[in-house]
Structure formats: C-alpha cells, structure tokens
Amino acid sequence: MEKFRMVEQGKPVEMITMYYLDGGQLKLTHYCMAGNQPTMRGSYAPETKTLTFEFENATNLKSANDGHMHHAVYKFIDNDHFRTTWTFQKDQKDAFAEDVIYVRK
C-alpha cells in the first residue's frame with residue numbers, strides 16, 4: 001500500500017495505490033483524487049529496470065472520456081532511488097504526466 005499526500009488549492013489530498021498479485025499477474029488499483037479507481041496490469045523489463053503499468057479498467061469511470069490515470073512507469077535508478085511517471089488521460093488522449101522521484105529513508 002502506498003499513500004501519497006499533497007496540498008491542492010490549499011486543501012490536503014490523499015491518494016492510495018494498492019499493489020497486488022492477481023494469480024501470477026502484478027496489478028495496481030489507484031484510488032485517485034479524481035474520484036475513480038483505475039486498475040492497471042504491470043510488466044517488468046529487467047534490461048532497463050523498468051516496471052510499466054497499463055490501464056485495464058476502472059470503477060467510478062462514467063466513460064472512457066472522463067479524466068483518469070491511464071499509465072504508470074517505474075524506473076529503478078539504484079538501491080535507494082526510483083522514479084515514477086503517471087500519465088493522466090482525458091477525452092482518450094494524454095492530458096499530462098506527473099513525475100516523482102522516491103528516495104529511501
């Protein structure tokens with residue numbers, strides 16, 4: 001379980017992402033501040049140390065045109081750092097991406 005906290009327009013916002021195995025398939029469900037919950041399936045490329053998640057489905061998504069997280073890439077830099085890039089889609093097109101670098105404490 002990952003909790004992400006931020007302040008948006010002066011208000012605290014928390015999002016949760018759950019990572020789990022469904023049979024032998026790595027998946028995540030992202031409980032987004034957009035009010036929907038996309039589920040994505042992951043695949044790992046060891047040669048680039050990259051874990052890529054692709055959209056499978058979502059709850060509380062009225063149509064494919066509604067804004068939602070659609071794609072996530074995790075790049076493992078070294079034992080203490082990794083970068084994530086999450087891509088948000090609206091009207092079935094990439095609207096923006098969010099990059100975060102995580103550092104081990």
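A nonpolar surface patch is built from residues with over 30% relative accessible area and no salt bridge, nonpolar side chains (Val, Leu, Ile, Met, Phe, Trp, Tyr) being joined within 5 Å and like charges within 9 Å. The model is predicted, with local features requiring pLDDT of at least 70 and side-chain atom pairs counting only at pLDDT 80 or more, while totals for chains, interfaces and linings use all residues. Residues are numbered from 1 along each chain as its sequence is written, and side-chain values use heavy atoms, with hydrogens and water left out.

**View 1. A nonpolar patch on the surface comprises Met1, Met18 and Tyr31.** Together, these three residues have about 320 Å² of accessible area, as calculated by the Shrake-Rupley method with a 1.4 Å probe, where for residues only the protein chains shown count as cover. Tyr31 belongs to strand S3 (residues 25-31); strands (E, at least two residues) and helices (H or I, at least four) are DSSP runs numbered from the N terminus. With a relative accessibility of 41%, Tyr31 is classed as partly exposed. The classes are buried for under 20% relative accessible area, exposed for over 50%, and partly exposed in between (1.4 Å probe, protein chains only).

**View 2. Asn36 occupies the loop between S3 and strand S4 (37-45).** The relative accessible area of Asn36 is 3%, so the residue is buried. Its side chain reaches the backbone oxygen of Gly67 at 2.9 Å. Contact here means heavy atoms within 4.5 Å. When neighbours within four places in sequence are left aside, Asn36 is in contact with His30, Tyr31, Thr59, Asn60, Leu61, Gly67 and His68.

**View 3. Arg5, in strand S1 (residues 2-8), pairs with Glu14 through a salt bridge.** A salt bridge is a side-chain nitrogen of Lys or Arg within 4 Å of a carboxyl oxygen of Asp or Glu. In general, side chains of opposite charge can pair when their charged atoms come close. The closest N and O atoms of Arg5 and Glu14 are 2.8 Å apart. The two side chains also make a polar contact (2.8 Å), a term for a pair of N or O atoms within 3.5 Å; within protein, one must be able to donate a hydrogen and the other to accept it, and residues adjacent in sequence count only if both atoms are side-chain atoms. Arg5 is exposed, because its relative accessible area is 58%, whereas Glu14 is partly exposed at 39%. Apart from neighbours within four places in sequence, Arg5 is in contact with Val13 and Glu14. Between Arg5 and Met15, which are 10 residues apart in sequence, the C-alpha to C-alpha distance is 6.6 Å.

**View 4. A salt-bridge network joins Asp22, Lys27, Arg41 and Glu56.** The count for the structure comes to 5 salt bridges. Lys27 forms one with Asp22, in which the closest N and O atoms are 2.9 Å apart. Lys27 is buried, with 11% relative accessible area, and Asp22 is partly exposed, with 45%. Arg41 forms a salt bridge with Glu56, the closest N and O atoms being 3.8 Å apart. Arg41 lies in strand S4 and Glu56 in strand S5, so this pair ties together parts that are 15 residues apart in sequence. Both residues are partly exposed: Arg41 has a relative accessible area of 36%, and Glu56 has one of 31%. Salt bridges that share partners join Asp22, Lys27, Arg41 and Glu56 into one network.

**View 5. Ring pairs link eight named aromatic residues, Tyr19, Tyr44, Phe53, Tyr74, Phe76, Phe82, Trp86 and Tyr102, into a cluster.** Rings of Phe, Tyr and Trp (its six-membered ring) pair if their centres lie within 6.5 Å; planes under 30 degrees apart count as stacked, over 60 as edge-to-face and the rest as tilted. The whole structure contains 9 aromatic pairs. One of them is the edge-to-face pair of Phe53 and Tyr74, at 5.7 Å centre to centre and with 70° between the planes. This pair links distant parts of the chain, with Phe53 in strand S5 (residues 50-59) and Tyr74 in strand S6 (residues 68-78), 21 residues apart. Phe53 and Tyr74 are both buried. The ring centres of Phe76 and Phe82 are 5.7 Å apart and their planes stand at 40°, so this pair is tilted. Phe76 is partly exposed at 29% relative accessibility, and Phe82 is partly exposed with a relative accessible area of 25%.
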